[in-house]
Amino acid sequence: VAGAVDVTPTVLHLLGLDAPEGMDGRALFAGDGADPDRAIYLESVFPAENMACAPLFGFRRLHDKAIEAPRPEYYDLHTDPGEADESWDLVPDDARMLLEHTVAGAAGGAGGGERELSAGEKESLESLGYVQAGGAQADPTRDPKDQMPLLRGLREAMTLQRDGRFDEALEVAERVR
């Protein structure tokens with residue numbers, strides 16, 4: 001199991017350099033083998049910021065994956081590597097505790113809290129596409145999975161529009177609206 005946190009230690013190892021003491025992550029090619037219990041933190045605030053849905057938090061281990069959502073998900077990756085069969089009712093106690101710890105840590109704001117952006121900062125970020133003006137307020141009870149038909153429909157409409165099939169694109173867009 002690898003995460004973005006492993007990039008720097010891995011590059012340093014490949015360059016023959018030692019990672020600084022206390023650095024998070026691990027060198028992936030250091031030869032110490034896979035740790036089956038290593039958990040990598042997962043987070044997506046995209047649904048909250050772009051779809052007015054709950055954010056997603058979770059973890060991934062070698063043998064399983066859990067996601068905290070209004071309808072939480074658990075996947076046993078040994079029996080279901082394609083994550084086709086959600087089995088929250090079969091989640092083991094250690095995975096449930098790890099997910100609770102993960103969500104509590106995320107809610108605790110590891111980044112040290114939030115602050116309001118100045119008008120200039122907001123304008124600069126908007127011009128780069130990082131901030132959307134006037135976004136909808138996230139609903140923590142709205143599950144992002146429920147938005148998948150809408151997203152598939154919008155993708156289909158955009159493909160049709162790109163191909164110059166405007167009438168069909170409009171029909172699809174009106175259907176998923």
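Helices here are DSSP runs of H or I with at least four residues, and strands are runs of E with at least two, numbered from the N terminus. By that count, the chain in this predicted model has six helices and four strands. Their order along the sequence is α-β-α-β-β-β-α-α-α-α. The radius of gyration of the chain is 21 Å, well over the 16 Å that the globule rule gives for 177 residues, so the chain is more spread out than a compact globule. Its C-alpha trace spans about 60 × 45 × 35 Å along the principal axes.

Of the 177 residues in the chain, 25% are buried. The accessible surface amounts to about 12,300 Å², and carbon and sulfur atoms hold 53% of that surface. Among contacts with a separation of 6 or more, 38% join residues 24 or more positions apart.

One residue can be followed in detail. D143 sits in the loop between α4 (119-127) and α5 (148-162). Is D143 buried or exposed? Its relative accessible area is 1%, and buried means under 20%, so D143 counts as buried. Beyond its neighbours within four places in sequence, D143 is in contact with C53, A69, P70 and R71. With R71 there is also a polar pairing: a polar atom of the D143 side chain lies 2.9 Å from the backbone nitrogen of R71.

Key: Residues are numbered from 1 along each chain as its sequence is written. This is a predicted model: local features need pLDDT of at least 70, side-chain atom pairs count only at pLDDT 80 or more; totals for chains, interfaces and linings use all residues. Side-chain values use heavy atoms; hydrogens and water are left out. The radius of gyration is taken over C-alpha atoms; the globule rule is 2.2 Å times the number of residues to the power 0.38. Buried means under 20% relative accessible area, exposed over 50%, partly exposed in between (1.4 Å probe, protein chains only). Contact means heavy atoms within 4.5 Å. Accessible areas come from the Shrake-Rupley method with a 1.4 Å probe; for residues, only the protein chains shown count as cover. A polar contact is a pair of N or O atoms within 3.5 Å; within protein, one must be able to donate a hydrogen and the other to accept it, and residues adjacent in sequence count only if both atoms are side-chain atoms.
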